[in-house]
Amino acid sequence: MASSSPQRPAVPKTKPGAHGPVGDTVLWQALGDREHLQGVDDYVAAGGYEQLKRALTMQGSELIDEIKASNIRGRGGAGFPTGLKMSFIPQDNPKPKYVVCNADESEPCTFKDRELIERLPHMLVEGCLIAAKTIGSNHAFIYIRGEYYEPALVLMEAVEQARAKGLVGENIAGSGWDCEVIVHRGAGAYICGEETALLSSLNGYRGQPTVKPPFPAVSGLYESPTLVNNVETLATLPRILGMGGAAYAAKGIERTGAGTRMMSLSGHVNRPGNYEMEIGKPMRVLVEELGGGMLGNRKLKAIIPGGSSTPILTADQLDTLLDYDSIVAAGSMFGSGSVIVIDEETCMAQLALRVAEFYRHESCGKCTPCREGTKWTVDVLTRIVGCEARPDDINLVYSIGERIIGNCLCPLGDSMAMAVNSYIDAFRSDFDRYLEPGFVPPASSSLNDIASRTVAAASVAKPGVTWMGTGLSRKSFTPLASGAVASTAGAAGDEEA
Ligand SMILES: Cc1cc2nc3c(=O)[nH]c(=O)nc-3n(C[C@H](O)[C@H](O)[C@H](O)COP(=O)(O)O)c2cc1C
Ligand code: SF4
């Protein structure tokens, strides 16, 4: 594996201090000066599992009130208020209730959950247990993408360490409450990050989305009430209980979902990596101060603010605040919190093709507009980028996108269409020039720079970060020894899974 990896530039540690232009950190602050808190004794010495013990003395409704007071919104992409989601779990339903942690993290250029798991695995385990106590569950599953082999090992070790301390399993901390935590490896399919596809996969079926309603809160795992939350969302719960919901809400911009967010910064910046920031700081702070500015002093051309599935912003929008409402007002979405910085040398038509290829590959094929539309988009963009375009091909790509948007079972098809169409809207001339006689297309090295720097930022001497088109995530899949932990079927067409 290591021998087939690209050359990786050194990446500095990316833990900003507790204060400064990014505001207070909450998650990284727990580390202090340590690189990680993988050992349960270290975590306990740093105050770990104290909030679980407190939660054991509280009613579910009290815990929900505290989490609602924190104003935290889910960090997985949709940004749904976490406390409200917990309150949707029906307490009068006689079926068991389940917590499912979404550690699928397959959105291109998103690698924050991985680092959280590797540095603070017990904080996630504690968060899962607090969530289970909150909704009255006795089982928490952590569904982790198949390529995250090392993080899965770290998590499994953390669960067993916690079990040995009486913090997982039966009669937790002598409270009489039982809760099992199960680490479950997926088989490597982007669609299995979508919550209903994830639950289908966990149920043992093909990883494809299902129609909502019913929502997982009512009928999820084993057709029982299920709370699905992202790694970062759950890992934040012990910190929220520790500081109090109101104190957490006071960070960031309260009206639009408070607190801090882990931002995965990648692309053409000098210091890519994961930076925790208070919500509502300008994107410029992330790119110029934390990220060290543009690679090679090249000019900024565009920014993708929330992972590859979000519409692109232009260089003049660099002062947009990193909060849910401001990014929507600017024409995009906060998504998974991963900011991709793109320099002037990047060709948007080539980027569109790279993005479309990723979504075509990951489409589960269940609904026609996505299955066929992603393929058509790739076919027509291939003609354009290959200088073989028909006169109306750019409009054709756009109109395919318009027919996909709003007509799919899940957001995957829309994601590709909205991203590609936003590149055409903002950078039409990058596409038009391919129709000019004698046009010589630029080399795609700029795209490859984004790929290699994403890999570097996520320190992929370890396998498993997605970048569109490198094939890294698939080639690096390493199965665990059989029986170590259950693995599950991936999406349709995932022939390498
Ligand atoms: C195609 C697709 C992929 C997704 N991938 C992830 C993922 O890898 N991790 C994640 O937490 N949420 C992902 N989501 C969002 C989940 O469906 C869900 O909203 C989230 O896990 C809820 O957790 P939260 O409320 O804590 O954000 C994805 C959604 C879609 C449509
Ligand atoms: S939009 Fe795409 S990924 Fe989602 S259900 Fe339809 S075919 Fe599957």
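Biologist: Which term describes H5 and H9 relative to each other, oblique or parallel?

Modeller: Two packed helices are described by the angle between their axes and the distance between the axes. The structure is a predicted model, in which local features need pLDDT of at least 70 and side-chain atom pairs count only at pLDDT 80 or more, while totals for chains, interfaces and linings use all residues. Residues are numbered from 1 along each chain as its sequence is written, and chains are lettered from A and ligands numbered from 1 in the order in which they are written. The axes of H5 and H9 (lines fitted to C-alpha atoms, for helices over the stretch in contact, with angles from 0 to 180 degrees between N-to-C directions) come within 9 Å and cross at roughly 40°. H5 and H9 are therefore oblique to each other; angles under 35 degrees count as roughly parallel, over 145 as roughly antiparallel, 65 to 115 as roughly perpendicular and the rest as oblique. The crossing is left-handed, that is, the near helix is turned anticlockwise from the far one by less than a right angle.

Biologist: Which residues of H5 and H9 meet?

Modeller: Lys112, Asp113, Leu116 and Ile117 of H5 meet Val231, Glu232 and Ala235 of H9, contact being C-beta atoms, placed from the backbone, within 7 Å. Helices (H or I, at least four residues) and strands (E, at least two) are DSSP runs numbered from the N terminus; the protein chain has 19 helices and nine strands.

Biologist: Why is H5 largely enclosed by the rest of the structure?

Modeller: A residue is buried if 20 or more other C-beta atoms lie within 10 Å of its own, exposed if 12 or fewer, and partly exposed in between. Seven of the eight residues of H5 (112-119) are buried, so the helix is largely enclosed.

Biologist: Where is Cys109, and is the residue buried or exposed?

Modeller: Cys109 is in the loop between E1 and H5, and is buried, with 28 other C-beta atoms within 10 Å. Its phi is near 70°, a positive value in a residue other than glycine. Pro108 belongs to the loop between E1 and H5 as well and is buried, with 29 other C-beta atoms within 10 Å. Pro108 lies 9.1 Å from Val355, C-alpha to C-alpha, although 247 residues separate Pro108 and Val355 in sequence.

Biologist: Which residues of the largest nonpolar core touch the most other members?

Modeller: In soluble globular proteins, nonpolar side chains tend to be buried together. A nonpolar core is a set of buried Ala, Val, Leu, Ile, Met, Phe, Trp, Tyr and Cys residues joined through C-beta atoms within 7 Å. The largest core here has 137 residues, and Val100, Cys101, Leu124, Cys128, Ala140, Ile142 and Leu286 touch the most other members. Setting aside neighbours within four places in sequence, Cys128 contacts Val99, Cys101, Ala140, Ile142, Val181 and Leu234.

Biologist: Which peptide bond to Pro214 is cis?

Modeller: The bond from Pro213 to Pro214 is cis, with omega near 5°. The bond joining Lys212 and Pro213 is also cis, with omega about -5°. Pro213 lies in the loop between helix H8 (195-202) and strand E4 (226-230).

Key
Two residues are in contact if their C-beta atoms, placed from the backbone, lie within 7 Å.
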